[in-house]
Amino acid sequence: MFQMLAFKNGACLKDNIKVVSINKDGDQGLKVAASNGENFWGKKYVVVVGDWMRNLVKTVCGIELPIQPLEANVCYWRIKDGHEVKYAIGNDFSMFTSYGHSYISGTPSLEYLGLIKVAVHGGYQCNPNKRPWGPELVFDSLK
């Protein structure tokens, strides 16, 4: 939702790009350099780096935040036939949350139309540069 709103208001969205530096660049504002060689200049940025926030803040500001990334499970559920419109983005269904023992949230999916995105927040501590990615992680933890 936030990406869609940002894009509609003129933002440039870049996914799956590793940010290697953020520096002041005179009157142009900030220069953001990516590991693929791309550079971006602007006066305002929203940098969403997820599990890599601690590393980026330490690199850019020299501050070590007292935070620890956790693995989280995100699942996508198909909306049953005949109910797609009711649970689509732009209708009455915006999201749900459960603040119980496990914090669970769900929202219509922008990534995959016709699906609802459900996430279980929390999990095991991880190093985002060394963790396995993909379904084998979930199955291994059930053994």
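Predicted model: local features only at pLDDT ≥ 70, side-chain atom pairs only at ≥ 80, totals over all residues.
A contact here means that heavy atoms lie within 4.5 Å, and among those contacts in the protein chain that are between residues at least 6 apart in sequence, 36% join residues at least 24 apart.

The protein chain contains three helices and seven strands, and, read from the N terminus on, its elements follow the order α-β-β-β-α-β-β-β-β-α.

Side chains of opposite charge can pair when their charged atoms come close. With a cut-off of 4 Å between a side-chain nitrogen of Lys or Arg and a carboxyl oxygen of Asp or Glu, the count comes to four salt bridges. One of them joins the side chains of Lys14 and Glu38, at 3.6 Å from N to O. This pair links distant parts of the chain, 24 residues apart, since Lys14 lies in the loop between α1 (2-8) and β1 (19-24), whereas Glu38 lies in the loop between β2 (30-34) and β3 (39-42). Lys14 is partly exposed, having a relative accessible area of 44%, and Glu38 also counts as partly exposed, at 30% relative accessibility.

Another salt bridge is formed by the side chains of Glu64 and Lys58, at 3.2 Å from N to O, and these two residues belong, together with Arg54, to a network of salt bridges. Glu64 is partly exposed, with a relative accessible area of 45%, and Lys58 is likewise partly exposed, at 46% relative accessibility. The side chains of Arg78 and Asp81 also meet in a salt bridge, at 3.5 Å from N to O, and here both Arg78 and Asp81 are exposed.

Turning from charged to nonpolar side chains, Met1, Phe2, Leu5, Ile89 and Leu110 make a nonpolar surface patch of about 520 Å². Within this group, Ile89 is placed in the loop between β4 (73-78) and β5 (96-99). Ile89 has a relative accessible area of 39% and is therefore partly exposed, a value that also meets the requirement of over 30% relative accessible area for residues of a patch.

Technical notes. Residues numbered from 1 in each chain as written. Heavy atoms only, no water. Patch = residues over 30% accessible without salt bridge, like charges linked within 9 Å, V, L, I, M, F, W, Y side chains within 5 Å. Areas by Shrake-Rupley, 256 points an atom, 1.4 Å probe, with all protein chains shown as cover. Helix = DSSP H or I, 4+ residues; strand = E, 2+ residues; numbered from the N terminus. Buried < 20%, exposed > 50% of the residue type's maximum accessible area, 1.4 Å probe, protein only.
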